[in-house]
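Reader: I am new to this structure and should like to understand the reasoning behind the terms applied to it. Please show me the model and then take my questions in turn.

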Amino acid sequence: RIHSFPRNSQLNRSMNTSTTTQAIRATAILTVLLWTKVFATNLGLGGAKNNAGGRAPEDTYQANPGDVPEEAKVAQDRAQRMVNNDLENISYTMVMAWGSMYCIAAGGNDSHALAQIVLYSLFVFCRIGHSIFYAKGISAARSLIWLVGACCSFGIAINGAVASFGIQS
């Protein structure tokens, strides 16, 4: 028999720790913050495309592509790169964070729950900082904060994998 989800009684027993409950709440709140950041970055891209004439041709309210200054094209390129970087990092880590949270709730312990809170909080902070540094063109800080965030992604995945060994079959 393949065991994909713990029985309700198993899940309820493992979720009785306040640290696990706090980790679930933190993961939910951090996910909302992170998704808000993604939404804001996407809005920024839409505005940059509008200013550079980079939207669909039927969007007649946008700037005429032949009349826009070079700085508008550069701003559109920068905004597109920020959105692409978010797509390459945030969506996967969100999935890993919730998968990890499931494993922690089903079989982990307080140390796994605390690690989840710390790692996901740091990841969200890094992604917000990454966008700020990217928008301002501060390369070294952007790269460093990206690296810290990437390490957090691996930490979240590893934490969840280790917690999964506590799930009782």
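Author: The model is predicted. Let us begin with helix α5, which covers residues 139–164.

Reader: How do you know that the length of helix α5 agrees with its number of residues?

Author: Helix α5 has 26 residues, and at 1.5 Å a residue these should span 38 Å.

Reader: Which residues of α5 are buried, and what do they pack against?

Author: The buried residues of α5 include Ile145, Gly149, Cys152, Ile156 and Ala163. The buried residues of this helix pack against α3 and α4.

Reader: What makes Lys37 and Asp86 a salt bridge?

Author: The rule asks for a side-chain nitrogen of Lys or Arg within 4 Å of a carboxyl oxygen of Asp or Glu. Between Lys37 and Asp86 the N to O distance is 2.7 Å, so the pair meets the definition. Lys37 in helix α2 (residues 18–52) and Asp86 in helix α3 (residues 70–107) are 49 residues apart, and the pair links distant parts of the chain.

Reader: Why are Lys37 and Asp86 called buried?

Author: A residue counts as buried under 20% relative accessible area. Lys37 has 9%, and is therefore buried. Asp86 has 5%, and therefore falls in that class as well.

Reader: What other partner does Asp86 have in a salt bridge?

Author: Asp86 also forms a salt bridge with Arg127, the closest N and O atoms being 2.8 Å apart. Arg127 lies in helix α4 (residues 110–136), 41 residues from Asp86, and this pair too links distant parts of the chain. Arg127 is buried, as is Asp86. Through shared partners, the salt bridges join Lys37, Asp86 and Arg127 into one network.

Reader: Why are Arg81 and Asp77 called partly exposed?

Author: The class lies between the limits of 20% and 50%. Arg81 has a relative accessible area of 45%, and so is partly exposed. Asp77 has 37%, and so is partly exposed too. These two residues form a salt bridge, with their closest N and O atoms 2.9 Å apart. Both lie in helix α3, four residues apart, about one turn of the helix. By the rule for salt bridges, the count comes to three.

Reader: What makes up the largest nonpolar core, and which element gives the most to it?

Author: The largest nonpolar core has 12 residues in all, among them Leu30, Leu34, Ile90, Met94, Phe123, Val124, Cys152 and Ile156. The elements that give two or more residues to this core are α2, α3, α4 and α5. With four residues, α2 gives the most. Leaving aside residues up to four places away in sequence, Val124 touches Leu30, Leu33 and Leu34. A second, separate core of six residues includes Met101, Cys103, Ala113 and Ala163.

Key. Residues numbered from 1 in each chain as written. Predicted model: local features only at pLDDT ≥ 70, side-chain atom pairs only at ≥ 80, totals over all residues. Heavy atoms only, no water. Buried < 20%, exposed > 50% of the residue type's maximum accessible area, 1.4 Å probe, protein only. Expected span 1.5 Å × (residues − 1). Contact = heavy atoms within 4.5 Å. Core = buried A, V, L, I, M, F, W, Y, C linked by side-chain atoms within 4.5 Å.
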